[in-house]
Amino acid sequence: MLAQILLIQGAATSKASFVDLHPAGIRRLELGGLNAVVIGFLNRNSVKHARFMVRCIKRINPAIRVGVVFWGGNGEDHGETAGKTGNDINADFIALDMVAAVTGALSRDPAVALKAIAKRRARRRPPARKKDALVPAR
């Protein structure tokens, strides 16, 4: 339905299935001439997966706007939750309903740059203690 509404608004749309969004399949997606990518999730607990998807797409094309839609809300206003989640996911927009998804997808705002992740330093283990040389008993 989102693609149909975007078509009516004059945007060119295409869709990809869940199978196309596996790590190997993302590289095969045609992202060259797109302004925005919208990824829909039925489960609001899919934040880690959404973060992974946003990072993969932004690594392929950093100039593209990537938005995430969490479908299946109960109609309550979760604007503050969406803002916090958007910062965590590093998405350009987070939507919880159809209107917010269309507004975010058609927005002309510039793409958000990926946040640099601090690399974990390998912890050096202390050198193994050498056993004291056995001294013969006198």
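Predicted model: local features only at pLDDT ≥ 70, side-chain atom pairs only at ≥ 80, totals over all residues.
## Helix α5

Helix α5 spans residues 98–106, and within it Ala101, Val102, Gly104 and Ala105 are buried. Viewed down the axis of α5, these buried residues fall within an arc of 165°, so they line one face of the helix. The face turned away from the buried side carries Val99 and Thr103, both of which are exposed.

## Arg65 in strand β2

Arg65 belongs to strand β2. Arg65 is buried yet forms no salt bridge. The nearest side chain of opposite charge is that of Asp92, 4.4 Å away, whereas a salt bridge requires a separation within 4 Å.

The side chain of Arg65 instead reaches a backbone atom of α5, namely the oxygen of Gly104, at 2.8 Å. Leaving aside residues up to four places away in sequence, Arg65 touches Asn35, Ala36, Val37, Asp92, Phe93, Gly104, Ser107, Asp109, Pro110 and Ala111.

## Asn90 in the α4–β3 loop

Asn90 lies in the loop between helix α4 (79–89) and strand β3. Despite this loop position, Asn90 is buried, with a relative accessible area of 5%.

Residues up to four places away in sequence again being excluded, the contacts of Asn90 are with Val54, Arg55, Lys58, Val112, Ala113, Leu114 and Lys115.

Conventions
Residues numbered from 1 in each chain as written. Heavy atoms only, no water. Buried < 20%, exposed > 50% of the residue type's maximum accessible area, 1.4 Å probe, protein only. Helix = DSSP H or I, 4+ residues; strand = E, 2+ residues; numbered from the N terminus. Arc of directions from axis to C-beta. Contact = heavy atoms within 4.5 Å. Lys, Arg positive; Asp, Glu negative; His and termini not counted. Polar contact = N/O pair within 3.5 Å; in protein donor to acceptor, adjacent residues only side chain to side chain.
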